[in-house]
Structures are given as structure tokens and as C-alpha cells.
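Hi,

Here is the structure I promised to send over. Have a look first, and then read on for what turned up in it.

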Amino acid sequence: MTTFAALGVRSPLLDHLHRRGLTAPTPVQAAAIPPLLAGRDCLMQSPTGSGKTLAFLLPLAVRLGSARPGRPRGLILTPTRELATQIGAVLADLRTPLRSVLVYGGVGYEAQLRGLRSADVVIACPGRLLDLCERGAAHLGATEVLILDEADEMLDRGFARDVERVIALTGRRTTGERRQTLLASATLPPAIVAMARAHLADPARVQVAVDAVSDLEHGLLSVRRGEKVAVLSDLVGSSPSTIVFHRTKHGAKRLARDLAALGHRTAELQGNLSQAQRERSILAFRRREVAVLVATNVAARGIDVEHVALVVNFELPDTADWLTHRVGRTARNGAKGRAITFLAEDDDERWRKLRRLGAPDLQVVDAEHLAQTGVMRFRPGVRPGADAETSTRIAPGRPAAARPGPARPAGAGRPGR
């Protein structure tokens, strides 16, 4: 069995990993750590929940020393505030001498300005970082290690121009100095491949298959549109921890309110909330103070909660990649998990489009068995499409498991309060 020590990780990082019970690296860590420790550029493709954050933070911690004040040597770009916060927490948990600062919008400037004066590593969203660079508060010219995490989402969100501007500000390629660059992505669309060619020199290619890191059951459940909330209530009532995905911010808000009214301890996570509200929702879910998190795609990346037992796609996503990222919130790091994607009577064309874009050929859930036992079982040989339209449906209000849904505690339900 490969160990972190065999990969080149040394104390005190090794001692800290052992104290946390981390003795065996995940597949992506075993593949990525040696070339990153050697200073090579890297193109890492790995599914969510595979351990890639630790795969790039351990080499970063080994290779960087203290920075000059105001001249950070490490830069990690992320698409969302939640992911930046998560990476910062993992780095802090390694207990290294490296000082880090989180830079993202939606909050005040003062704490970020103070942090930049002494930061060794900047963990940032591109927009706010460029803002601070233009103000003369952030200087990236000493960057030795550049990491673009979830690079596919950054480009999908239209950050390509901002990312290119940030890379140009690091300056080391243009001056002939060596900068190590890592592109980490769950998928490799053409834009990512083009960016890799432009900014990576002879990169090590690290690819980890989903099957190597996941024990996920994922099936389609045919549900009449007017019955979706009732069926969802049954499902979340039989699950200790569920993330439900909706396509729109207003839809997520409305659905969270509906589930709370049905007695479920519910919070929401969507783009119209303030940063403080979003953080409270995530913290409540992580601490199990709420059992259901209703979210838009903002939660499809950067939310690493080990105890997520079920993911429900209440509405189909726009792309197959988003389907992958959503269900990746469960079955993380080898744990078991379930995902159920609702298919309403008018969703057939949307599902066929997702299949053409690379969505998996999912089996239809045996709804009758699920309603009686709360345990997912697939109907052998049944595939989505015409068959899904005639599949058994859970009747509205019918319990999905023997035990009732959770009681709503005083003050719970409305997120952000």
C-alpha cells in the first residue's frame, strides 16, 4: 500500500496526517503529489470528492517558505467563495507556517487588505483579486506556484478574461522565471485544454476515473410535476442529510420554504443571499442543525460535507457536467451515497439533450420499493426515455420510509435567520 511518506511527504506534515488518520493517499493524491513535489506543471482531472485539494496543498506547503511582506508566493484561484473558504480551512488545518488570506467579493475589504500585507498564499476569486490589484493592494509578481482549482467552472462562469489577466499579473513566464502551474478540473472541455497548452509547460497529466473514488447509486425517478414537492418530502424524511438542487434562485427559496412548512429542518443556499447568510446555511448543514440544504449550482462545487447521504436533482441541470458536480456532493472519498434525479412528464427532451451531452445512462428507480422501504432499488433492464414515462410513481403524501420526517424545531426552516 502506498503511503504519504513514500510519495515524499515529510514531517511535520506527515505527523499531522497520521494524527488525522490519513495514512493512505487517495488515487489522485498518489498520482499528483510526486510530480508536484518535483516542481512540474500539472493538468489534473479528478471527480469531486476525490481528495484533490489535499493533493495540491501538500506539495504547496512543502515547496513554499515564508514570503516577503505583501509579496505572496502561492496563488490559488477558485470560482466561488465557498470553495475558497474550504481550501483555506484545509490549509489552516495542516498547521503549516504559511500565512494565507481569502479574497472574494460580497464582504468588506478591510480584513482582506490586512491579510494581504503578510500573506504567503492568496486564495481568491478572480474578480475581487483584480479589484485589489488595481487598487495597488495585491501584488502577484512573486508568485511561484499558481493553482487554478475547478478551472472548468471558472471558464463556464465567464471568468476566462479575468483569469487570463490574473495570470499575466504573476509575470514569471514573461520574465523567464520559473512558475509552477496546476490546472485542476473535474472535466476537460476544449477551453481547459487550450488554457493548459498556453500556460503549462510539459505538464504531468493526472486523470482519475469516477469509479476509483466513488460508491454512488444514482437513478432516475419519474414524478408528475404537481407531485414533486410531496415526493421530495417523503425522500428527505427518510434521509439524515440531503442536498436538493433547483435550477433557479427563486425556485430554491420557494422550495426551501415549502419543505420547512412540511416540518423539515431546512436551509437554502443560493446567489441572492448575502455572504453571511450563505455561511450560516452551510455551517448549520455541516453541524447537522438542519437536515436539508436546498441549493442552486452554487453548492455543486466547494461544499465538502462528509455526511451527505442523498442528493436530489429536483430540476434537471443545464449540462451533463453540472449533473456530475451535483451528485458529487455525496459518495465522497470512498463513502457510499445515493442520488435521485427527478424526471417530470415534460422533461423528456431535456433529458435526451443531457444524454447527448454525456450524461450517464441511468436506470429508473423502482419507485414502489422505494416508497415501501426507503431503500433505492433499480428496475433491471429499464432505461430512461419512453420506459420512464410508464414507470411506477410514488403517490403524493405516501411515506418513503417507516419513520416520519423530522419535526421542525422552533426558529428553524427559514434560512439566513
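One definition before the rest: two strands count as paired if DSSP finds at least two bridges between them. Also keep in mind that this is a predicted model.

With that in hand, take L220, whose bridge partner in β13 is T341. It belongs to a parallel pair: β8 (residues 215-222) and β13 (residues 336-343) are joined by eight bridges. Helix α11 (residues 228-237) packs on the sheet there, touching β8, β9 (242-245), β11 (292-295), β12 (310-313) and β13. The direction of α11 makes about 170° with that of β13.

Now the whole sheet. It is open, has seven strands with parallel pairing, and reads β10-β11-β9-β12-β13-β8-β14 in order. β10 (266-269) and β14 (363-364) are at the edges with a single partner strand each, so one side of each has no neighbour in the sheet. Another helix, α13 (residues 275-286), lies across β9, β10 and β11 and runs at about 135° to β10.

In soluble globular proteins, nonpolar side chains tend to be buried together. The largest nonpolar core here has 37 residues, and M44, L58 and I76 touch the most other members. Helix α4 (residues 52-63) gives the most to this core, seven residues. Leaving aside residues up to four places away in sequence, M44 has contacts that include V28, A32, A55, L182, L183 and V206, as well as K52 and S185. Another core, of 29 residues, lies apart from that one, with L77, V103, A119 and L146 among them.

Cheers

How values were computed. Residues numbered from 1 in each chain as written. Predicted model: local features only at pLDDT ≥ 70, side-chain atom pairs only at ≥ 80, totals over all residues. Heavy atoms only, no water. Helix = DSSP H or I, 4+ residues; strand = E, 2+ residues; numbered from the N terminus. Contact = heavy atoms within 4.5 Å. Axes fitted to C-alpha atoms, helices over the stretch in contact; angles between N-to-C directions. Core = buried A, V, L, I, M, F, W, Y, C linked by side-chain atoms within 4.5 Å. Buried < 20%, exposed > 50% of the residue type's maximum accessible area, 1.4 Å probe, protein only.
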